[in-house]
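Good morning, colleagues. Please look at the sequence and the structure on the screen while I take you through them.

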Amino acid sequence: MIKYAWLIPVFPAVAFPIIIFLTRKVRLLSALVAIAAIAASFVMAVGVLREVFLLGVTMEKPVEYAAPWLQIPGLLKIEAGILIDPLAAVMLLVVTLVALLVEIYSVGYMHGDPGFSSFFSYLSLFSASMLGLVLANNYFMIFFFWELVGLCSYLLIGFYYHKHSAARAGLKAFVTNRVADFGFMLGFFFLFAMFGTFNFRELAEAIPGYQNTGFLALAAALVFIGPIGKSAQFPLHVWLPDAMEGPTPVSALIHAATMVAAGVYLLARAFVLFASLPGIMLLVAYVGGFTALFSATIAVAQRDIKRILAYSTMSQLGYMVMAMGVGSMTAGMFHLMTHAFFKALLFLGAGSVIHALEEQDIFRMGGLYKDMKVTASTFIIAALALAGLPPLAGFWSKDEILAAAFDHGFTGLYILGTLVAFLTAFYMFRLIFVAFFGNRRAGLHGHESPLTMTIPLLILAVLSVVAGFVGTPFASHGFSTFVYYGEPHHVEPNYAVMLLSTLVALAGIGLAWLLYGRPSDVPEKLATRYRSIYTLLVNKFYIDEIYMWLFRRVVLGLSEAFNWHDRHVVDGIFDGVGDLTRISGQKLRFLQTGNLQTYALVIFTAVVIIALWMAAPVLGGVIQ
Amino acid sequence: MITLNHYLALGGLLFCIGLFGALAKRNAVAVLMGIELMLNAVNINLVAFNHFLEPARVTGQVFAIFVIVVAAAEVAVGLALVLNIYRRRLDSNVDDLDWLRW
């Protein structure tokens, strides 16, 4: 099975043209083709993971198949190949599983949409790109799929392209990611310039012994810009909340499996590069930690159900990046996996609510629990998992990150992480108390969604409960002995950290209940009392506005300057050459009289001069 | 005694007269006559060189005959051109024949 792992991205990749060219007209067949393809990939991924276990494939002994793709002897060698280690195997499973469930769910959600078939074709291409990215064995290939993922996100975020805001959001996601991709590209070109290879394993062997750490640090910092954009870290996070303009299943896919996970996955793949540079690791850790806190505070003040979830994703991605930065690749990947399940569940649940109400403002919802029992209860399970209550999945993975920060001596980041855990519990349960309990505010009545939508919710709810058990510190051969960097290690349970984070999560839920659990005017009072802070949070710290201002001033100002330079200096030179030729031609043409005798005189004079010149030696040097 | 130098002086004089005629005359026929004079000056030189330096061979004389033949052809073409221009413009003044310039 592992030999044919390259087929995993091929199935959905083939489904894309089939849907576009053949089954476009028959809507259900299109969905069936897409689902069959991703299901085949899922089965293959399960098989690959099983063989990884059975054959004893470890992080040190990965399986690699590669064929030369582009070769210029002595200059360039680019391979098309796959690299399978436990890291890739786990990612394959997560991506195919979430994508499969999202596609099944979409049959119900997108029912009746005129773009039904193309939606499924884009989903297939999206999954194919992400799976290719996971399997890539060198930087060049990973970049290729990285760009494809970006393209698909553009197509899907702007899926309702007739809506102006959706079209703009797609563009924003694409452009922001392009900025980050450029940094990533420069970074791995630097690596190629230093080591002469794109291959991960060859680089992993060469990097630790490399002396010129300044240059290496530059390359690592540039590579890190890629994840900053893709995984929506500060300051390139602005595209992610706007990406909520896409259909909700797309948000689930982007936030759980295919898009933002790519950045964290790249950090894990390139971990050897970062691990050798303490300074860059510190940068990674603090960017992640800051993003976690920054977006958690914004989420507290949002009203749109999908935007709250979007900022929550940013915050959790911050956790993952922070885990990478404090040196625990295991904790980051573990959280990526558990988060994929419960965040997909949250988004699909939100989609179920939006599908029923066609309303996204949580303050216009209320009392939904009575109408949509399955959606509400699965949503609450996911929220508990996200808040990190034991024994749900999020508890184990978040705890591992906090414990890693604590154990590696990053006390500041540990406190920050705990604070974020408190905020997470608070904003999630603010959402739940407002939307699912209490009175119906706007007279909106929900109704339960069809089975194609609720079954994926139930499956994901089960996963949100059990997925954490593979990595608990109480399991003897857990996640940490499977996906790791350096030595396989066993994480000792840190009871103090566990207890504190549980208490903090409960406190967050409790505060949410106090403020929103029953009718009260305390939230409004707080908002008026701390007006400035509240406005700042509602407006997302004005980051978008700052970017617009910068864009207007700096980019457009520079463009003006370059425009002037181009018009007057560059064009001036070329126009000058043209004018010179034209004017000199105009003046010089008067030399041509057209009079034959004048020409003859000139020719004769020239002949005489040449003759005298040549005769000079004979004439005794009279002339010279 | 007439020496080679006398012939060369005569040839040079004739050439200069011909050159002056070719460059300075306004009438196209006169210009053609000047060119003929220059060619004949060269012929005198050729024959004189042949007679004084290599009397055993007739190279110079044969060459002179070639020049006469070419000159006759050239006069035929030249006069035809002048005649046509004259018919067209009722004038054979070379100063006015400047329509080949810009």
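In chain A, 80% of the contacts with a separation of 6 or more are between residues 24 or more positions apart; two residues are in contact if their C-beta atoms, placed from the backbone, lie within 7 Å. This is a predicted model, in which local features need pLDDT of at least 70 and side-chain atom pairs count only at pLDDT 80 or more, whereas totals for chains, interfaces and linings use all residues. Residues are numbered from 1 along each chain as its sequence is written, and chains are lettered from A and ligands numbered from 1 in the order in which they are written.

Let me turn to the overall form of chain A. Its C-alpha atoms fill a box of roughly 120 × 55 × 55 Å along the principal axes. Chain A has 25 helices and two strands; helices (H or I, at least four residues) and strands (E, at least two) are DSSP runs, numbered from the N terminus. Of the 624 residues in chain A, 50% are buried. A residue is buried if 20 or more other C-beta atoms lie within 10 Å of its own, exposed if 12 or fewer, and partly exposed in between, with C-beta atoms placed from the backbone.

An automatic or database domain assignment supplies the domain bounds: domain 1 (277-538), domain 2 (540-590) and domain 3 (593-624) of chain A. The centres of domain 1 and domain 3 of chain A, taken over C-alpha atoms, are 99 Å apart.

UniProt, in an unreviewed entry, lists "domain: NADH:quinone oxidoreductase/Mrp antiporter transmembrane" for residues 136-424 of chain A; such annotations may be inferred rather than shown by experiment, feature names are shortened, and positions are given in the numbering used here. Over residues 136-424, chain A is 79% helix and 0% strand, and the end C-alpha atoms are 34 Å apart.

Next, the helix packing. Among the buried residues of helix 1 (residues 7-23) of chain A are A:Phe11, A:Phe16 and A:Ile19. The cover over the buried residues of helix 1 of chain A includes helix 2 (27-54), helix 3 (86-109) and helix 4 (116-135) of chain A.

How do helix 3 and helix 15 of chain A pack, and at what angle? Helix 3 and helix 15 (residues 329-357) of chain A pack at about 5 degrees, with their axes 10 Å apart. Axes are lines fitted to C-alpha atoms, for helices over the stretch in contact, and angles run from 0 to 180 degrees between N-to-C directions. Helix 3 of chain A is therefore roughly parallel to helix 15 of chain A, the term for angles under 35 degrees. The contact involves residues including A:Val94 and A:Tyr105 of helix 3 and A:Met337 and A:His355 of helix 15 of chain A.

Finally, two individual residues. A:Ser397 lies in helix 18 (residues 393-407) of chain A and counts as buried because 32 C-beta neighbours are inside 10 Å. Leaving aside neighbours within four places in sequence, A:Ser397 is in contact with A:Phe334, A:His335, A:Thr338, A:Gly468 and A:Gly471. A:Ser397 and A:Thr472 are 75 residues apart in sequence and 8.0 Å apart in space, C-alpha to C-alpha. A:Ile415, in helix 19 (residues 411-436) of chain A, is partly exposed, with 14 other C-beta atoms within 10 Å.

Note on methods
Parallel < 35°, antiparallel > 145°, perpendicular 65-115°, else oblique.
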